Amino acid sequence: MPLATIREPKGRHSRAAGRETDQMLTMIVNEAAKLLSAEAAAIRLLEGDELVIAARSELAGPLTTKPRLKVGESLTGRVIASGAPLAVEDLLTEGRYDTAHQRAAAELGFRSFLGVPLRTNDHPVGTLALYAKKQRRFSAEEVAVLSAFADQAALAIEKGRLLVEAEEGRQVLEGLAAVGLEMQTAATRDARLAAFIAGAHEIVGFDRMYVLLAGADGSTLEPACAHGQNGLLPPPTLSLTPEAGVFYDAFHGRQSIMVLSDGDLEKIRPFVGPHRDNGWFRTRRFVILPLLVGDRTIGVVMADNKLTRRPIDPASVEPFTLLCQQLAAVLEHERAERERVALLRLAEAQRTRLTQIFESTSDGIMLVNLQGGIESANQRARELLDFDSSATADRDLMAVLAPHFHVAAEYDRAVARFAALLRDPERADGGDLSLTATGRVLHWTGRATTDTATRTIGLTLTFQDVTEERAVSQMKSDFVSFVTHQLRTPLAGIKWMLELAAEEPAGSAEIASYIGDARESAERLIRLVNDLLDVSRLESGKLAIDAQPTDVAALTSDVLAEVASLVREKAHRLSARGLDEAPVAIVDAQLLREVVMNLVSNAIKYTPEGGDLEIDVTSANGELRWAIKDSGIGIPKEAQRRLFEKFFRADNAVTVETEGTGLGLYLVRLIVEKFGGRVWCESEAARGSRFTFVLPLAP
Amino acid sequence: MTAPARARRILLAEDDRFLRRACEAAIRQRGFAITVAPDGEAALEAARRERPDLVLLDMLMPRLSGLEVLRALRADPAMADVPVLILSNSSREQDVAEVTRLGIIGYWVKSNLSLRELGDRVVSFFEGEGDGRG
């Protein structure tokens, strides 16, 4: 934006005061000349120690060929010097004054002269001079009249000056506003600084300017921009120590420092250090202003007129200060904005990370307000409780829970618990939720949620799927129960049988019977404990296994020999095939013996008297195949699936004999599988069963 | 207190043959008449048929468990008040709670009792009956 500029320092009565003033002055000289019957008149104004033509009447032209007169020089000069009117009756004869001028005037035909000073506030600011061609004695009235004209002229000049000042002031303010706007709207910091420097240069007109900004740790001043010495490298970074002289004082003292004279120069702290010979810092007339933001100093601005060596006008410092304030404000705003953006980004990043954690955690998390409304829920919570948070109906905790309960009483219980917690969130609570609809068990905890003002605004609920754990826990507890029962029963048997025996009179026949039963109970107990131990060790992998090439047929014959009496007792018919071959498997003989014993005993036990038992041992395809077929009670289809499970006893087996542990077939399976084999059963209720296992043959 | 004209009849439901034998002997020794049942179904049937004065009920039995037998008894108006005493070697909390809720005289763990104690308790049950404690 083009600015009308006042480049020279103030104090000059500017002839650019405007045409209006010029016109006024011209009118005055013409009027004065006319009224006082003089042929020529001129006004000179004081500038520094010189008088300069400001206005002249037409005929005064040749008289005023010297545009500048020194004070004291010539008649006009004396008027100013004395500050009093001066009249010369006859230039030709008057010998007291500047004869050269007089002669010049006389040559032009002028004989007399009257000059009066122009005064503003009692200061002489110029002269109004009349020249007449005749010899003339000027009367007091005429002097007074001319003085009146002079006063008018002075007034006109003053008015003009004020107008100019006002205009200048307005223009400066406009200029400042324009530069300020440019600085604010600039896109980058460099653009801001460039606008500042250019604007300052336009408005205030220093030859050289540079901006130094405090470094991040506040121990240095770093150059931000510079103007005015294109051939020179930019100013260097300064350390903010007393070595930096006036920079240090301006920065820490937060005061502008003006060095406009040698006297000022002597008063400032000298600039020493590595840069003292740098052209930017070698200057004897300068101003330096701190850039202040609140109670912080963010830098300094330095300006001088070193290139033209013009004096610095103190009055120019004020608009410069205003500009520097604007610069400081703009830079600070920029910094604050950068910080704000950084904080926003940080907050955003944190929020994103928290959301990721929130969504990825394996616990369900839900935030519930005090009315029971669901404010937010992560994906796991939605999975566990099977709701979709985009559906408005699924925004209420109680509503979300409802479909999971089949029994109203259970739902009510759960709801009551949550309701109580909502009424008193500080309490914190937790428990299990059995969702009967899905069969899931969730463990939940609830804690009060507070806002940043630590007011309670709701609950944070977490959910974990503990279905598995509760099931395992239940199984363990069931197991303990079962085993307890299994152990206690034979123990009670022993105890009671011995009690009965003890109460019999000596020699009673019953005694032997009772003791026999006690022993059998003891045997049962021992078998149970052994089985349990085997199972436990096999399951945990701790059983010491001695796998050797074992003749399975021989082992089978052995077992059959052992159960021979039992077979006879139950009058079973037993046949065995393949026992004269010798298929060899790598197994632990003792464990395999248990397997065979188990399967054979089962066949005997679960076949009613007079039944048929067939054993078949073969080998093919690198596998040994061992099977036993019986004509016994068979196994119902439903039970067949679970036959090899731990503790399982089919119902029809239980009716035959209630003393089984349910571990036998489980052990068989564990052992066979341990050696890389498989075991299975084919059966039909009441039509007998066939149990088969296969093992890899020894290579 | 009235001494009963007939001997009290007790129903014993027990699947283990040793325990059955011992219990039966001990109860008979005290002068009670006793019926034995080896499983839950037989027990329920015997209860309905004989209307015993006391049922000694095992929990873990084939066919019907002790709990199921008790439920059936309590659900039957004719049998709802029959005194039941649980004699079990299992002591699962939820079972104890459930049978207590259904109404029992007591819950005793067999291996923790001697036959003498068992007999004593049954006798004292009947003796206490007269003063309204049944």
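Colleague: How much area do chain B and chain A bury between them?

Modeller: In this predicted model, carbon and sulfur atoms account for 55% of the area buried between chain B and chain A. On the side of chain B, F18(B), R21(B) and N89(B) lose the most area to chain A, together 27% of what that side buries. The area that the two chains bury between them is about 2500 Å².

Colleague: Which residue of chain B meets the side chain of E510(A) in a salt bridge?

Modeller: Across the interface of chain B and chain A, 5 salt bridges are found. In the one that involves E510(A), nitrogen and oxygen are 3.3 Å apart. The partner of E510(A) in this salt bridge is R21(B).

Colleague: Which element gives the most residues to the side of chain B that touches chain A?

Modeller: There are 12 residue pairs in polar contact across the interface. Both α1 (17-29) and α5 (115-133) of chain B supply at least two residues of the side that touches chain A. The element that gives the most, with 8 residues, is α1(B).

Colleague: Is V694(A) buried or exposed?

Modeller: V694(A) belongs to strand β24 (residues 689-696) of chain A. Beyond four places away in sequence, V694(A) touches several residues, among them E623(A), V672(A) and W680(A). The relative accessibility of V694(A) is 2%, and the cut-off for burial is under 20%, so V694(A) counts as buried.

Colleague: What distance separates the C-alpha atoms of V694(A) and V679(A)?

Modeller: Along the chain, V694(A) and V679(A) are 15 residues apart.

Note on methods
Residues are numbered from 1 along each chain as its sequence is written. Chains are lettered from A and ligands numbered from 1 in the order in which they are written. This is a predicted model: local features need pLDDT of at least 70, side-chain atom pairs count only at pLDDT 80 or more; totals for chains, interfaces and linings use all residues. Side-chain values use heavy atoms; hydrogens and water are left out. Buried area is the accessible area (1.4 Å probe) that two parts lose on being put together, summed over both. A salt bridge is a side-chain nitrogen of Lys or Arg within 4 Å of a carboxyl oxygen of Asp or Glu. A polar contact is a pair of N or O atoms within 3.5 Å; within protein, one must be able to donate a hydrogen and the other to accept it, and residues adjacent in sequence count only if both atoms are side-chain atoms. Helices (H or I, at least four residues) and strands (E, at least two) are DSSP runs, numbered from the N terminus. Buried means under 20% relative accessible area, exposed over 50%, partly exposed in between (1.4 Å probe, protein chains only). Contact means heavy atoms within 4.5 Å.
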